[in-house]
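Good morning, and thank you for coming. Please look at the structure on the screen while I describe its main features.

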Amino acid sequence: LFVFQPVQAWRAPGSVAPPHIVWPASNPGGEGGQNQVGWPVVQQAGDELAVRWHYQAKQTKDEAVNVVMGSVGDLDGDQKGEFVVSHFIKDHWQLEAFDLATGQTLTVATAANWTSDGKAGPLLAGAFAEGQQTFFVVSSQVDRLVVPFAPLRLVRWQRATGFSTAAELGN
């Protein structure tokens, strides 16, 4: 089973540089060279696309990724590009935020800090922008194969504070 993920691009406002393009893939069931769980971040360089940074799972059968439209861009209004992904690794889902240009890990929210029992982890279900802030709809999932209608939370991400739920935001 090959899961097509949305390809997304972002360029800083006013920049003439080519946009960074995120091309995620999650195919943990393929044979040999068909195994692909990860994402390259590429940028136009002359006539070709150059890989700026990437993540490639070492054990593709044990990992999966999930990306939604709206999870790449200036997610918190600071004029810097970010990328948020759900990543199934070490037997649970977690949210990861990266600097889009460098690949630096900015924040990770694991199952241990997502639910009181530490079993259910965060899985991206959707995203929307309100003003200059992006909000994520996130479901709490226990297994790699997800169930529909799992509990949902509204989450935002900021470089300064990481992930915050609507309850933490006072809503």
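The protein chain holds 0 helices and 15 strands; helices (H or I, at least four residues) and strands (E, at least two) are DSSP runs, numbered from the N terminus. What we see is a predicted model, in which local features need pLDDT of at least 70, side-chain atom pairs count only at pLDDT 80 or more, and totals for chains, interfaces and linings use all residues. Residues are numbered from 1 along each chain as its sequence is written, and side-chain values use heavy atoms, with hydrogens and water left out.

Of the 171 residues in the protein chain, 46% are buried, where buried means under 20% relative accessible area, exposed over 50%, and partly exposed in between (1.4 Å probe, protein chains only).

Valine 137, for instance, has leucine 154 in strand 14 as its bridge partner.

The largest nonpolar core has 14 residues, and Val22, Trp39, Phe83, Val85 and Leu100 have the most contacts inside it. Such a core is a set of buried Ala, Val, Leu, Ile, Met, Phe, Trp, Tyr and Cys residues joined through side-chain atoms within 4.5 Å. Strand 5 (36-45) and strand 9 (82-89) each supply at least two of its residues, and strand 5 gives the most, with 3 residues. Another core, of 13 residues, lies apart from this one and includes Leu75, Val138, Val155 and Trp157.

Finally, I would draw attention to glutamate 96, in strand 10 (residues 92-99). Is glutamate 96 buried or exposed? Its relative accessible area is 7%, so glutamate 96 counts as buried. Leaving aside neighbours within four places in sequence, glutamate 96 is in contact (heavy atoms within 4.5 Å) with residues including Trp39, Phe83, Val85 and Phe163. The side chain of glutamate 96 also makes polar contacts with the side chains of histidine 87, at 2.9 Å, and glutamine 94, at 2.6 Å. A polar contact is a pair of N or O atoms within 3.5 Å; within protein, one must be able to donate a hydrogen and the other to accept it, and residues adjacent in sequence count only if both atoms are side-chain atoms.

Terms used
Two strands pair if DSSP finds at least two bridges between them.
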